[in-house]
Amino acid sequence: MIRSVLTHLECPGCGQRHDPSMLRGLCECGGPLLVRYDLTAKKPIEARERLKGRRGDMWRYAELMPDPGFEISLGEGWTPLIETENFARRFGLAKVLVKDESLNPTGSFKARGLSAAVGMARKLGAPGVSLPSAGNAGSAAAAYGARAGIPVHVFLPRETPRPFSLEARGLGAVIHEVDGHIGDAGRAMRGIIAEKGWFDLSTCKEPYRVEGKKTMGYEIVEQLDWTTPDAIIYPCGGGTGLIGMWKAFQEMESLGWISTGRRPRLFAVQSDGCAPVVRAMETGAARIEPWEAPETMASGLRVPAPFADRLLLESLRESGGGAVAVEERRIPGAVRDYGSSTGVLPAPEGAACLLALEMLVDSGRITRSDRVVLLNTGTCLKYPEALQEAS
Ligand SMILES: *Cc1c(COP(=O)(O)O)cnc(C)c1O
């Protein structure tokens, strides 16, 4: 048994510490919580050398992960990092790699976050869990809820492509369809959650989804032989992956697993149909203003008001990266271009990263010597309309 060195939960907003043995979503001040570890302990510092023989999923980093105390895994994580010579040549870059998250259980990187969060919710006594979702989070929660044996309630915008709700239902979740976007789904859920006693697994409203997502940062570095890429391009909705990866790079630096000053620049990608993060980055704002009438076929990006806005903007700014909005109408073409150039057929969210790479190269924010990682966050197979338009 490998022991986690988790010590406490901490509010990065007000600094308050919380006991990790209690089921808790937010800080008393209302802000999101992060999980903290003893990064000076000998075991995790030495663990890098012992990773080779370990299990091929995200739980290989067990010292630096919460411990649900029972087997919650469906094999999430340790996805391939694929070198795409085509893209490197096209953009004149040192390397372009695709981290293909479509190979996770339920076909997206949401599996990482929900594996950790559902496991901890069960361990700490939640009688049931609930979340609003743009699609993939709902199916992932359903899968881990089935594995953990606790009921799952998913609040989905009615316009979410059909396969998402069918998948979550097949995995035993109760689906609540709501008119509007994910923000409206969240409001509908909050109207009944207290009375039902379900634990809220919304993005960044509990601390463990970020822990699952941070493992993408650990894996990218391990897969590059303990070197960091220069830039990571990420399709951003609520931003858990960005917050998680930035946390991972900070942890690895503290552990001495990577050299100091070598953290990658993080870039958030959005659609011009819903780009609240890009707008806040461009105006230098500290908070994100809600986007009116969000519309994009990349349903994971249809998040008008990310909850952990301060953490998200800080991660982008501290990393020296930024945010770009791609043209919505070009997304289906990019799905096809990406798929036919690499053999990985990306979700529309992943395809948006290809359009973003082009913009970042054109504007000189990514340059020749750069090694770039594109995240393909999910499978395209749950988006019949996008597939139809791409073909
Ligand atoms: C949820 C999702 C995103 C956005 O992830 P966040 O953590 O909300 O930023 C991107 N792509 C896909 C396929 C998703 O399901």
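Just after helix α13, Gly 364 takes a positive phi of about 80 degrees; helices here are DSSP runs of H or I with at least four residues, strands are runs of E with at least two, and both are numbered from the N terminus. Please keep in mind that this is a predicted model, in which local features need pLDDT of at least 70 and side-chain atom pairs count only at pLDDT 80 or more, while totals for chains, interfaces and linings use all residues. Residues are numbered from 1 along each chain as its sequence is written, and side-chain values use heavy atoms, with hydrogens and water left out.

**Helix α13**

- Helix α13 covers residues 348-362, and its 15 residues should span 21 Å at 1.5 Å a residue; the expected span is 1.5 Å times one less than the number of residues.
- The end C-alpha atoms of α13 are 22 Å apart, which agrees with that expectation.
- Because 11 of its 15 residues are buried, α13 is largely enclosed by the rest of the structure. Buried means under 20% relative accessible area, exposed means over 50%, and partly exposed lies in between, using a 1.4 Å probe and protein chains only.
- The buried residues of α13 include Pro 348, Glu 349, Gly 350, Cys 353 and Leu 360.
- Leu 355 sits in helix α13 and is buried, with a relative accessible area of 5%.
- Leu 355 and Arg 330 are 25 residues apart along the chain, and their C-alpha atoms are separated by 8.0 Å.

**The ligand and its shell**

- Of the 16 residues around the ligand, Lys 110, Gly 238, Gly 239, Thr 240 and Thr 377 come nearest; a residue is near a molecule if one of its heavy atoms lies within 4 Å of it.
- By class, this shell holds 5 nonpolar, 8 polar and 3 charged residues. Ala, Val, Leu, Ile, Met, Phe, Trp, Tyr, Cys and Pro count as nonpolar, Asp, Glu, Lys and Arg as charged, and the others, Gly among them, as polar.
- Strand β10 (231-235) and helix α9 (240-255) each supply at least two residues of the shell.
- Asn 136 places a polar side-chain atom 2.9 Å from an oxygen atom of the ligand.
- Taken alone the ligand exposes 380 Å², and the protein buries 96% of that; accessible areas come from the Shrake-Rupley method with a 1.4 Å probe, and for residues only the protein chains shown count as cover.

**Cysteines**

- With a disulfide taken as a pair of cysteine sulfur atoms within 2.5 Å, the count comes to 0 disulfides.
- Cys 27 is in no disulfide, and the nearest cysteine sulfur, that of Cys 14, is 3.6 Å away. Cys 27 is buried, with a relative accessible area of 5%.
- The sulfur of Cys 236 is too far for a bond, because the closest cysteine sulfur, in Cys 274, is 9.6 Å away. Cys 236 has 0% relative accessibility and counts as buried.

- As background, most residues other than glycine have a negative phi.
- Cys 204 has a positive phi near 65 degrees, and its place is in the loop between β9 (199-200) and α8. At 3% relative accessibility, Cys 204 is buried.
- Asp 225 has a positive phi near 55 degrees and is found in the loop between α8 and β10. Asp 225 is exposed, with a relative accessible area of 64%.

**Other single residues**

- Thr 228 lies in the loop between α8 (208-223) and β10, and is buried with a relative accessible area of 3%.
- The side chain of Thr 228 reaches the backbone oxygen of Arg 262 at 2.4 Å.
- Tyr 37 belongs to strand β3 (residues 34-37) and is buried, with a relative accessible area of 8%. Tyr 37 and Leu 64 are 27 residues apart in sequence and 6.8 Å apart in space, C-alpha to C-alpha.
- Ala 126 lies in the loop between α3 (110-123) and β6 (129-132), and is buried with a relative accessible area of 5%. The C-alpha atoms of Ala 126 and Glu 327, 201 residues apart along the chain, are separated by 42 Å.

Technical notes:
A polar contact is a pair of N or O atoms within 3.5 Å; within protein, one must be able to donate a hydrogen and the other to accept it, and residues adjacent in sequence count only if both atoms are side-chain atoms.
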